[in-house]
Amino acid sequence: MFFEFARNNVLRMSGESSHASELDERFEIALRNTATAWRQAVDCRLRRLGVNRMSWMTIAAAAQARLPLSQSALADTLAVSRASMVHTIDRLAKNGLVKRESSSSDRRLKRIVVTEAGAHLYSLLKDEVAAVRRQMLAIVELEKLVNLTEILETLQEPLRPSSGSALSSSTATRESRVDPP
């Protein structure tokens, strides 16, 4: 029996190491491929409405925000460059789907507001996305969907910037736990 140090100097048996590593990689690939398949299915469905991925994601983020977001906040929310966001907003504004409003506290700051036409398009987008979601989730039992959703929500926690050291402690916990037989 061999032991080796894994992440964060946690000691585990070497036979478990390769299996755990393979499972980690399998999970990563499955998560990435699922996200890609999801985006492609939604993109295909929304293409009929003349909307590309960046446009529908921007409209959705702006519509779902409690308060109007600045261009930079939208870019951060969607993990895109600010330059890319400016071009997207320019295009959406030209099409009458969003408008820029000056902030009352800072005239340099522009907040993005979804127009009535944008809100109508967002309603159509939500229906189309819901149809893709129903198609994808139809093959998953309700109990498994609840578990999967909870797991994915839990996995987001240590990755949030405010979590700091949570990643190292949760990794150590997972690697040192003993599953019941």
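1. The largest nonpolar core has 24 residues. Ile59, Leu74, Met85 and Leu125 have the most contacts inside this core. Bear in mind that this is a predicted model.

2. Several elements build the core. At least two residues each come from helix H1 (14-47), H2, helix H3 (71-78), helix H4 (82-94), strand S5 (110-114) and helix H5 (116-137). H2 gives the largest share, six residues.

3. Now H2 itself. This helix covers residues 53-64, 12 residues in total. From first C-alpha to last, H2 reaches 16 Å, close to the 16 Å expected at 1.5 Å a residue. Its buried residues are Met54, Ser55, Trp56, Thr58, Ile59, Ala60, Ala61 and Ala62. Of these, Ile59 is also among the residues with the most contacts inside the core.

4. Look at the start of H2. Asn52 caps the N-terminal end of this helix. A side-chain oxygen of Asn52 lies 3.3 Å from the backbone nitrogen of Met54.

5. Leaving aside neighbours within four places in sequence, Met85 is in contact with Met54, Thr58, Gln71, Leu74, Ala75, Leu78 and Val80. Met54 and Thr58 are buried residues of H2. Leu74, like Met85, is listed among the residues with the most contacts inside the core.

6. Strand S5 pairs with two strands. Strand S3 (residues 69-70) and S5 are antiparallel, over two bridges. Here Leu69 has Ile112 of S5 as its bridge partner. Strand S4 (residues 98-102) also runs antiparallel to S5, joined by five bridges. For Val98, the bridge partner in S5 is Val114. S5 also supplies at least two residues of the core.

Methods
Residues are numbered from 1 along each chain as its sequence is written. This is a predicted model: local features need pLDDT of at least 70, side-chain atom pairs count only at pLDDT 80 or more; totals for chains, interfaces and linings use all residues. Side-chain values use heavy atoms; hydrogens and water are left out. Helices (H or I, at least four residues) and strands (E, at least two) are DSSP runs, numbered from the N terminus. The expected span of a helix is 1.5 Å times one less than its number of residues. Buried means under 20% relative accessible area, exposed over 50%, partly exposed in between (1.4 Å probe, protein chains only). A polar contact is a pair of N or O atoms within 3.5 Å; within protein, one must be able to donate a hydrogen and the other to accept it, and residues adjacent in sequence count only if both atoms are side-chain atoms. A nonpolar core is a set of buried Ala, Val, Leu, Ile, Met, Phe, Trp, Tyr and Cys residues joined through side-chain atoms within 4.5 Å. Contact means heavy atoms within 4.5 Å. Two strands pair if DSSP finds at least two bridges between them.
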